[in-house]
Amino acid sequence: MKFLGGYMANEYYNMRRIVYGEGVTFVPVCDKCGRFVRADKIIAFSGLGNLKKTTNANCCKCGRTNMIFEGFI
Ligand SMILES: [Zn+2]
């Protein structure tokens, strides 16, 4: 899997999503290496549009990392 940068949602069109509480949607893929990650059960999210700058998943290669944020559904 090769990342070209920019908005990558189309590449993950058929992948599963993780949706938190109010429709905050992530693709459970490491934003550093592209491996599937284990998402945290609870992420730091503080209201509309305010995703805190913190890690929210565990990658088997990178350790603490971030999933790819897709948007609000
Ligand atoms: Zn990784």
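How many bridges join β1 to β2, and do these strands run parallel or antiparallel? Three bridges join β1 to β2, and the two strands run antiparallel. The model is predicted: local features need pLDDT of at least 70, side-chain atom pairs count only at pLDDT 80 or more, and totals for chains, interfaces and linings use all residues. Residues are numbered from 1 along each chain as its sequence is written.

**Overall make-up**

- The protein has six strands and zero helices. Strands (E, at least two residues) and helices (H or I, at least four residues) are DSSP runs, numbered from the N terminus.
- Along the sequence, the pattern reads β-β-β-β-β-β.
- Of the 73 residues in the protein, 16% are buried. A residue is buried if 20 or more other C-beta atoms lie within 10 Å of its own, exposed if 12 or fewer, and partly exposed in between, with C-beta atoms placed from the backbone.
- Among contacts between residues at least 6 apart in sequence, 49% join residues at least 24 apart. Two residues are in contact if their C-beta atoms, placed from the backbone, lie within 7 Å.

**The sheet β1-β2-β6**

- Three strands form an open sheet in the order β1-β2-β6, with antiparallel pairing. Two strands pair if DSSP finds at least two bridges between them.
- The edge strands of this sheet are β1 and β6, each of which pairs on one side only.
- Direction ignored, neighbouring strands here are turned by 30° against each other on average. Such angles are taken between axes, which are lines fitted to C-alpha atoms (for helices, over the stretch in contact), and run from 0 to 180 degrees between N-to-C directions.
- β1 and β2 form a hairpin with three residues between them, and Gly23 in the turn has a positive phi of about 90°.
- β2 and β6 run antiparallel and are joined by five bridges. In β6, Gly71 stands opposite Thr25, and Phe72 stands opposite Val24.

**Glu22 in the loop**

- Glu22 is found in the loop between β1 (18-20) and β2.
- Glu22 counts as exposed because it has 10 C-beta neighbours inside 10 Å.
- Glu22 and Phe72 are 50 residues apart along the chain, and their C-alpha atoms are separated by 8.0 Å.

**The sheet β3-β4-β5**

- Another open sheet of three strands has the order β3-β4-β5, and its pairing is antiparallel.
- Its edge strands are β3 (37-39) and β5 (63-65), each pairing on one side only.
- Neighbouring strands in this sheet are turned by 35° against each other on average, direction ignored.
- Three bridges join β3 to β4 (residues 57-59), and these strands run antiparallel. Arg38 has Asn58 in β4 as its bridge partner.

**The nonpolar core**

- The largest nonpolar core has nine residues: Phe26, Val27, Val29, Cys30, Val37, Ala57, Cys59, Met67 and Ile68. A nonpolar core is a set of buried Ala, Val, Leu, Ile, Met, Phe, Trp, Tyr and Cys residues joined through C-beta atoms within 7 Å.
- The elements that give two or more residues to this core are β2 (24-30), β4 and β6 (67-72).
- β2 gives the largest share, four residues.
- Leaving aside neighbours within four places in sequence, Phe26 is in contact with Arg17, Ile18, Ala39, Met67, Ile68, Phe69 and Glu70.
- In soluble globular proteins, nonpolar side chains tend to be buried together.
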